[in-house]
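Subject: Handing over the structure

Hi there,

Here is the structure I promised to send you. Have a look at it first, and then read on for my notes.

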Amino acid sequence: MALHPAPYARQAGQDWLLSCADTPAEIRTRWDADEGEFPSGGHWMVAQASLEHSMDAIKRIDPSRRGPVLSDVTLGIAWWLLPPTLGDELDDVRTITVHPRGWVLRCPPVLYPVRGRVWIERPDGSGRLTDPVLLGAALGPGGGPRLSAEAFG
């Protein structure tokens, strides 16, 4: 397996993020002045948690099972990108809010932060999203130990 340098991986993540937009050219233009807006539902759902809890959860979920996580460091909030088929898996997790389909996530480019918004887990271009069951276990009561792929099949 060939290893790609970090800039290539970041560009692949940015290309993937743009592929999730209805109008990629418009997003590129908005990134020059602001952030791009991506409605949830088509390519992913968005779950919001505090940045503090999210940083703990990141440590508990195996890197191979984590998808993109965006944060606003000025507000202390993080947004997890989850599969668009998300059901009620997170309904009982009080430390997280799942936004409805169509909710707009303001994203900076993958390559650099914008006004306090930064990818703490960058999209890598693969389209991998965080498994909601793993996220719920990591953010739920007690949080538990590090969660690997083997823990949930």
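What share of the contacts in the protein chain with a separation of 6 or more comes from residues 24 or more positions apart? Such pairs account for 78% of them. Please keep in mind as you read that this is a predicted model.

First, the overview. The protein chain has four helices and seven strands, and along the sequence they follow the pattern α-α-β-β-α-β-β-β-β-β-α. The chain counts 153 residues, of which 43% are buried. It exposes about 7,900 Å², with carbon and sulfur atoms supplying 54% of that area.

Next, the sheet. Five strands make up an open sheet in the order E5-E2-E4-E3-E7, and their pairing is antiparallel. E5 and E7 are the edge strands, each of them pairing on one side only. On average, neighbouring strands of this sheet are turned by 25° against each other, direction ignored.

Here is how some of those pairings look in detail:

- E2 and E5 run antiparallel and are joined by three bridges. Ala47 has Val98 in E5 as its bridge partner.
- E3 pairs with E4 (residues 77-82) in the antiparallel sense, over four bridges. Here Val69 stands opposite Trp80 in E4. The two strands form a hairpin with four residues between them, and Gly76 in the turn has a positive phi of about 70°.
- E3 also pairs with E7 (residues 117-121), again in the antiparallel sense and over four bridges. Ser71 has Val118 in E7 as its bridge partner.

E3 is worth a look for its side chains too. Val69 and Ser71 point one way from the strand, Leu70 and Asp72 point the other way, and all of these residues are buried.

Now for helix H4, which spans residues 132-139. Is H4 mostly covered or mostly open? The helix is mostly covered, with six of its eight residues buried. Those residues are Pro132, Leu134, Leu135, Gly136, Ala138 and Leu139. At the start of H4, a side-chain oxygen of Asp131 comes to within 2.7 Å of the backbone nitrogen of Val133.

The side chains of Arg65 and Asp131 are joined by a polar contact of 3.3 Å. Arg65 lies in the loop between helix H3 (51-60) and strand E3 (69-72). Why does Arg65 count as buried? Its relative accessible area is 16%, and the cut-off for buried is under 20%, so Arg65 falls into that class.

The other arginine is Arg106, which has its place in strand E6 (residues 104-107). Arg106 counts as partly exposed because its relative accessibility is 30%, and that class runs between the 20% and 50% cut-offs. Leaving aside residues up to four places away in sequence, Arg106 touches Asp34, Glu35, Gly36, Glu37, Leu70, Arg115 and Arg117. One of these, Glu37, is 69 residues from Arg106 along the chain, yet their C-alpha atoms are separated by 4.6 Å.

Best wishes, and happy browsing!

Methods: Residues are numbered from 1 along each chain as its sequence is written. This is a predicted model: local features need pLDDT of at least 70, side-chain atom pairs count only at pLDDT 80 or more; totals for chains, interfaces and linings use all residues. Side-chain values use heavy atoms; hydrogens and water are left out. Buried means under 20% relative accessible area, exposed over 50%, partly exposed in between (1.4 Å probe, protein chains only). A polar contact is a pair of N or O atoms within 3.5 Å; within protein, one must be able to donate a hydrogen and the other to accept it, and residues adjacent in sequence count only if both atoms are side-chain atoms. Contact means heavy atoms within 4.5 Å. Accessible areas come from the Shrake-Rupley method with a 1.4 Å probe; for residues, only the protein chains shown count as cover. Two strands pair if DSSP finds at least two bridges between them. Axes are lines fitted to C-alpha atoms, for helices over the stretch in contact, and angles run from 0 to 180 degrees between N-to-C directions.
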